[in-house]
Amino acid sequence: MVREEVQQLVNNLIQIEHISTTLYLAMSAYLDRKNYTGMAKWLRLQSEEERTHMIILIDYLSGKDGVVKLSELPAQPSNFGTPLETFQRVLEHEQYVTNSYRQAYDYVKQIDPQTTVIVQDFLREQIDEEAQSLTIVERLKLAENNPSALLLIDQELGQRQNGAVAAG
C-alpha cells in the first residue's frame, strides 16, 4: 500500500494533468473558432498528451493499491485573446506544471524511490514541454500582427503529429 502523503502527492499531479487536458482543449476550441486550425490542432494533440499523462499517473497509483481521487475541475474560459496571448498562457501553465513536478520530486525523493522515478520522468519531459511553448511564443512575437506570418505559423503547428509521449 502506498503511503498517504505519496497518495495525496500523486493525486495532486493527476489533478494538474486533468486541468491541463481541459485547458488545452478549451484553447483548441477557441482557436479553431478563430480559424487558426493549425494552432487548434496542436493544442488538441497537447490536450491528448496531458490526458495520457493523467492516465499513467492513475494507473501508477492504482497499481500501488492507492486510492485515485478525481476532483472537480474549474471551468475554463472560452476566450483566450490573440494567438500570442493564448500561447503565453500555455507557457505560463507549463512553467507551473514544471514547478509542481519539481516540488513533488524534491519531497518524494526522501520517502519513496519508486514514485521518485515516475515523477522524475515527467519532470524530464517538462524540459521539452516548456521549450516547445517558448519557441511558439517567441515566433508569435516575431510575427506580431502580420496576418501572413500568423498563417504560416498556424500552418506549421498544424503539421504536428500525434506524439503523446508516455513518461514512465
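1. Is Asp65 buried or exposed? Asp65 counts as exposed, because its relative accessibility is 52% (exposed means over 50% relative accessible area, buried under 20%, and partly exposed in between, with a 1.4 Å probe and protein chains only). You'll find Asp65 in the loop between α2 and α3 (83-108). Asp65 isn't a glycine, yet it has a positive phi of about 65°.

2. A quick word on what you're looking at: this is a predicted model, where local features need pLDDT of at least 70, side-chain atom pairs count only at pLDDT 80 or more, and totals for chains, interfaces and linings use all residues. Residues are numbered from 1 along each chain as its sequence is written, and side-chain values use heavy atoms, with hydrogens and water left out.

3. Now the overall layout. The chain has five helices and zero strands (helices are DSSP runs of H or I with at least four residues, strands are E runs of at least two, and both are numbered from the N terminus). Along its principal axes, the C-alpha trace spans about 55 × 25 × 25 Å. Of the 168 residues, 46% count as buried.

4. Glu144 is another one to click on. Glu144 sits in the loop between α4 (113-143) and α5, and it too is not a glycine but has a positive phi, here about 50°. With a relative accessible area of 60%, Glu144 is exposed.

5. Gln46 counts as buried because its relative accessibility is 2%. Setting aside neighbours within four places in sequence, Gln46 is in contact with Tyr24, Glu94, Glu129 and Arg160 (contact means heavy atoms within 4.5 Å). The C-alpha atoms of Gln46 and Tyr107 are separated by 27 Å, and these two residues are 61 apart along the chain.

6. Last, have a look at where α2 meets α5. The axes of α2 and helix α5 (residues 147-157) come within 6 Å and cross at roughly 35° (axes are lines fitted to C-alpha atoms, for helices over the stretch in contact, and angles run from 0 to 180 degrees between N-to-C directions). On the α2 side you have Thr37, Gly38, Met39 and Trp42, which meet Leu150, Ile153, Asp154 and Leu157 in α5. By class, that contact has five nonpolar, two polar and one charged residues (Ala, Val, Leu, Ile, Met, Phe, Trp, Tyr, Cys and Pro count as nonpolar, Asp, Glu, Lys and Arg as charged, and the others, Gly among them, as polar).
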